[in-house]
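Colleague: I am new to this structure and would like to learn how to read its features. Could you walk me through them, starting with a pair of packed helices?

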Amino acid sequence: MNYTERALIMILLVSMVSSCSTVPITGRKQVNLLPESEMIAMGFSSYSEFMNTAPLSSNTAMTSMVKEVGSNISGAVIKYFDDNGLSSRIEGYEWELNLFADDTPNAWAMPGGKIAVYEGILPYTRSQEGLAVVVGHEIAHIVARHGNERMSQQLLVQLGGIALNEALNEKPEETRNIFLAVYGVGTQVGGILPYSREHEKEADKLGLIFMAMAGYDPSSAIEFWERMAEAGGSKPPEFLSTHPSDASRIAEMKKNLPEAMKYYNK
């Protein structure tokens, strides 16, 4: 290993240490090399582009339910973070949930609070409680900054760990492609770079807690994921394929229920 290589490794290590943070509630240490403000800006831009091409649902009742559940859970998260001195964690977020006219059983989220829910997942949610499971899970991914972790890893691998502002200036197309690979758009969300098992477990746990904070019974999550698992078959629904559900996962959620119930106020 030559001097330049050693220097680069030292720079990356220092950068990783200085970028270390803690995920609220779970306490897991994580490394996010990218400024959250940049992630939010790219999230807003990509979500806006998707909004310009994807048809919104014409079902006013279900659209209202999606927005109500989203408002309730995001509001509960904001209050919890404010009460616990964590408001900087979600600074710059603009929560927005929309229901799209797509039969794919799917939902996804982008940095800054942007969430898409497809009509195709509603037969599995069945109620506000079931919908809260999906929305809580996606909000958990956003708040835990899982996408920042994944994109940081990809920048290190594909672009040598150069600073994001340099990547945007020098290699804008490559950087955008990495972002879209991490988040994707439409049915490709999560399909290229799915969340890790660790991220999924964390989003499951936080999702239970967040929905409980908003007054939704977290035990309903078990029934939702059992329905998704039963619907899997040889070709699982999109949401299931990017958020794998199995016996061990459901067992883990059952283990986390007692903690989530501490936050539950009917």
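Modeller: Gladly! Helix H5 passes helix H9 in a right-handed crossing; a crossing is right-handed if the near helix is turned clockwise from the far one by less than a right angle, and left-handed if anticlockwise. Please keep in mind that this is a predicted model, in which local features need pLDDT of at least 70 and side-chain atom pairs count only at pLDDT 80 or more, while totals for chains, interfaces and linings use all residues. Residues are numbered from 1 along each chain as its sequence is written, and side-chain values use heavy atoms, with hydrogens and water left out.

Colleague: Which residues of H5 and H9 make the contact?

Modeller: Contact means heavy atoms within 4.5 Å. H5 contributes Glu129, Ala132, Val133, Gly136, His137, Ile139, Ala140, His141 and Val143, and H9 brings His199, Glu200, Ala203, Asp204, Leu206, Gly207, Phe210 and Met211. These residues divide into nine nonpolar, five polar and three charged (Ala, Val, Leu, Ile, Met, Phe, Trp, Tyr, Cys and Pro count as nonpolar, Asp, Glu, Lys and Arg as charged, and the others, Gly among them, as polar).

Colleague: At what angle do H5 and H9 pack?

Modeller: Two packed helices are described by the angle between their axes and the distance between the axes. Here H5 (residues 128-143) and H9 (residues 197-213) pack at about 125°, with axes 7 Å apart. The axes are lines fitted to C-alpha atoms, for helices over the stretch in contact, and angles run from 0 to 180 degrees between N-to-C directions. H5 and H9 are therefore oblique to each other (under 35 degrees counts as roughly parallel, over 145 as roughly antiparallel, 65 to 115 as roughly perpendicular and the rest as oblique).

Colleague: How many helices and strands does the chain have?

Modeller: There are twelve helices and five strands; helices (H or I, at least four residues) and strands (E, at least two) are DSSP runs, numbered from the N terminus.

Colleague: In what order do the strands of the open sheet lie?

Modeller: Strands of a sheet pair through backbone hydrogen bonds, either parallel or antiparallel. In this case the order is S3-S5-S4, with mixed pairing; two strands pair if DSSP finds at least two bridges between them. S3 (96-100) and S4 are the edge strands, each pairing on one side only. S3 and S5 run parallel and are joined by five bridges, and leucine 99 has valine 117 as its bridge partner in S5. S4 (residues 107-110) and S5 (residues 114-118) pair in the antiparallel sense over four bridges, with tryptophan 108 partnered by alanine 116. S4 and S5 also form a hairpin with three residues between them, and glycine 112 in the turn has a positive phi of about 90°.

Colleague: Are the residues of S5 buried or exposed?

Modeller: Buried means under 20% relative accessible area, exposed over 50%, and partly exposed in between (1.4 Å probe, protein chains only). Five of the five residues of S5 are buried, so S5 is largely enclosed by the rest of the structure. Lys114, Ala116 and Tyr118 lie on one side of S5, and Ile115 and Val117 on the other.

Colleague: Which helix lies across S3, S4 and S5?

Modeller: That is helix H2 (residues 36-53), running at about 25° to S3. Helix H3 (residues 60-83) packs on the sheet as well, touching S3 and S5.
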